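Let's take a walk through a protein together. Have a look at the picture first, and then we'll go through it piece by piece.

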Amino acid sequence: MRKNHFIGFAFVSVCLWALVTYYLFLDRPLGHKPNQASVQVEEHLSLLESRLREQFADSERLLQQVRDTLQEQQLSARAQDSEGGDEQISRVRALAESDQAPVIAVLVFACNRITVSKCIDQLLKYRPSREQFPIIVSQDCGHRPTADVIESYGDEIIRVEPDQSDIPVPPKEKKFKGYFKIARHYGWALNHTFFKFNFDTVIIVEDDLDIAPDFFEYFLGTYPVLKRDPTLWCVSAWNDNGKVGLVDENAPDLLYRTDFFPGLGWMLTKSIWTELAPKWPSSYWDDWVRQPEQRRNRACIRPEISRTRTFGKIGVSNGHFYEKHLKYIKLNEKFVPFTQKNLTYLSKDNYDVQFVKQVYESLVVTYQELKSGSIVTEGSVRIPYHTNDIYKRTAKMLGLMDDFRSGVPRTGYRGVVSFLYKGRRVYLAPNANWKGYDPGWS
């Protein structure tokens with residue numbers, strides 16, 4: 001802003017000087033006879049016009065020199081910042097590799113929320129190692145107050161900034177321009193983190209997330225499972241149906257496979273990004289990654305109780321789902337030592353056998369029976385569904401999110417959605433001879 005003020009001041013000063021000069025020329029005595037007055041005025045005006053053109057040309061050259069100087073200073077500062085970030089990353093990598101521990105970068109996406117400090121403060125508070133979990137904050141939008149907040153953390157974090165030029169949007173989607181900017185930001189920042197900084201694994205966080213005390217432990221524990229199992233493509237800290245009353249608060253260590261990409265705090269490997277990057281979409285990236293062509297029958301790991309919770313009611317989506325759903329998500333409070341647990345049950349071969357057995361050996365009940373509490377047996381129960389309309393109607397009555405993405409219900413695995421209802425485990429499930437998702441379900 002100060003730079004713009006300086007340029008404006010210089011331009012106005014030059015114009016005022018030219019204006020004063022103009023009037024001085026007009027007021028000078030001509031010293032000729034009246035019958036020559038008009039000729040003399042024309043000569044003076046012609047001379048004045050010529051001098052004004054020269055002056056404006058000089059002014060334009062001066063302003064361009066100022067712009068060039070400021071641009072050079074800005075580029076130099078960015079280069080120094082980048083070099084500083086590279087040095088910091090080199091130190092991080094050297095220290096971490098000396099301990100033979102995985103280095104997992106945390107990439108925070110920021111825009112124009114000064115409350116990004118809440119997210120960064122929690123990351124700094126709970127991360128077990130600065131070397132093992134370097135924090136990169138990528139800020140779009142050019143919002144100076146937010147940039148000031150991010151820069152206040154000094155070398156505790158690495159700040160990067162993507163291209164912030166205008167972005168072309170189809171005329172029919174002008175009102176959704178924000179989604180195009182977000183997709184561009186994600187693509188740039190992930191490319192920068194994986195290919196410039198050369199990290200192998202990244203945890204992606206947005207600036208409006210609270211995190212649980214065992215957030216880093218959760219990702220460290222699931223990291224080996226993700227790296228070993230080619231049928232997995234991400235680990236998410238989020239349960240879409242993780243509201244109070246729908247989760248077992250006595251089982252914070254319970255983890256699942258899910259065919260639905262949850263997002264909201266998730267871990268991605270370089271090999272998967274190398275696959276996705278060349279075809280990255282121009283908008284709506286989260287729904288894009290949920291399409292069969294990207295998912296390719298791979299699953300994500302997600303928790304029973306979320307390790308993140310959003311406090312961002314206002315955003316590009318205008319608080320969609322927030323008041324009715326998102327603000328009721330339960331954030332885990334009990335630290336679970338995932339790195340000390342055997343999580344091999346999450347590998348597909350082990351998980352599918354046990355999961356299918358548990359679901360389809362459960363007692364079949366109706367929603368009314370479940371609601372009335374008339375079920376006399378103990379243990380889990382199953383509510384069948386056969387169409388998307390039946391699913392949506394039943395999910396809504398149970399307080400679940402009832403939408404599909406590319407035919408997959410939120411938290412679904414093999415079409416099954418698991419949750420708690422009045423303390424009982426319930427499976428909303430298709431027939432046992434399930435043939436796969438129908439992308440036409442929406």
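A residue counts as buried when its relative accessible area is under 20%. Keep in mind that what you're looking at is a predicted model. Now find T258, which sits in strand β7. T258 has a relative accessible area of 0%, so it is buried. What does its side chain reach? The T258 side chain gets to the backbone oxygen of G412, at 3.2 Å. Setting aside neighbours within four places in sequence, T258 also touches several residues, including A299, C300 and R302.

In one, C300 pairs with C234, with the sulfur atoms 2.1 Å apart. This bond ties together distant parts of the chain: C234 is in strand β6 and C300 is in strand β9, 66 residues apart. Its S-S torsion is about 115 degrees, so it is right-handed. C234 is buried at 0%, and C300 is buried too, at 1%.

The other disulfide joins C111 and C141, with sulfurs 1.7 Å apart. This link is left-handed, at -90 degrees about the S-S bond. Here C111 is partly exposed at 23%, and C141 is partly exposed at 40%.

Finally, let's go inside. In soluble globular proteins, nonpolar side chains tend to be buried together. The largest nonpolar core here has 45 residues, and L123 is one of those with the most contacts inside it. Helix α6 gives the most to this core, with eight residues. There is also a second, separate core of 29 residues, which includes Y186 and F199.

Technical notes. Residues numbered from 1 in each chain as written. Predicted model: local features only at pLDDT ≥ 70, side-chain atom pairs only at ≥ 80, totals over all residues. Heavy atoms only, no water. Helix = DSSP H or I, 4+ residues; strand = E, 2+ residues; numbered from the N terminus. Buried < 20%, exposed > 50% of the residue type's maximum accessible area, 1.4 Å probe, protein only. Polar contact = N/O pair within 3.5 Å; in protein donor to acceptor, adjacent residues only side chain to side chain. Contact = heavy atoms within 4.5 Å. Core = buried A, V, L, I, M, F, W, Y, C linked by side-chain atoms within 4.5 Å. Disulfide = S-S within 2.5 Å.
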